[in-house]
Amino acid sequence: MPFKCCVTGCRGNYDKEHKVKLFRLPNKNRNPQERERWIRSIPRENIPNSLNTFICENHWSVNYETCQIYSKNRPLNPPTIFICVFQSQVPTPPLTKRTTTKSLPSTL
């Protein structure tokens, strides 16, 4: 059975003629922080928590940085491109709180 991309709405690896590379999410036992970074970047709420969860290369820029893990190249950073997902579903970083100060009325 061929593996499919876990991003909602993505059709990566569904077409037999246009295969794309798939990357496993980082291992939850060896690198839980990295796995959590990847999961937070994917706009999906119920990502399967298994070793066979994949994401296709369509979710990185063309010249993404790679690192070698177990003699296989994989992306160094989490995915960032989600064209197949509605903009309202893409996670955004939390806003930073602004500090406000009251201004005193000037007296003339």
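**Aromatic pairs and their surroundings**

I looked up burial first: F23 is buried, and Y64 is buried too (buried means under 20% relative accessible area with a 1.4 Å probe, protein chains only). I keep in mind that this is a predicted model, where local features need pLDDT of at least 70, side-chain atom pairs count only at pLDDT 80 or more, and totals for chains, interfaces and linings use all residues. Residues are numbered from 1 along each chain as its sequence is written, and side-chain values use heavy atoms, with hydrogens and water left out.

Next I searched the whole structure for aromatic pairs and found five (Phe, Tyr and Trp rings, six-membered for Trp, with centres within 6.5 Å; planes under 30 degrees apart are stacked, over 60 edge-to-face, the rest tilted). The F23 and Y64 rings have centres 6.1 Å apart and planes at 80 degrees, so this pair is edge-to-face. F23 sits in strand β1 (residues 22-24) and Y64 in the loop between β2 (54-56) and β3 (66-69), so the pair ties together parts 41 residues apart in sequence (strands are DSSP runs of E, at least two residues, numbered from the N terminus). I also noted that F23, W38, W60 and Y64 form one aromatic cluster.

**Around I55**

What is I55 in contact with, leaving aside neighbours within four places in sequence? My list includes F23, W38 and W60, along with C5, V7 and K21 (contact means heavy atoms within 4.5 Å).

**Strands β3 and β4**

I then checked β3 and strand β4 (residues 72-75): they run antiparallel, joined by four bridges (strands pair with at least two DSSP bridges). C67 stands opposite R74 in β4.

Key:
Buried < 20%, exposed > 50% of the residue type's maximum accessible area, 1.4 Å probe, protein only.
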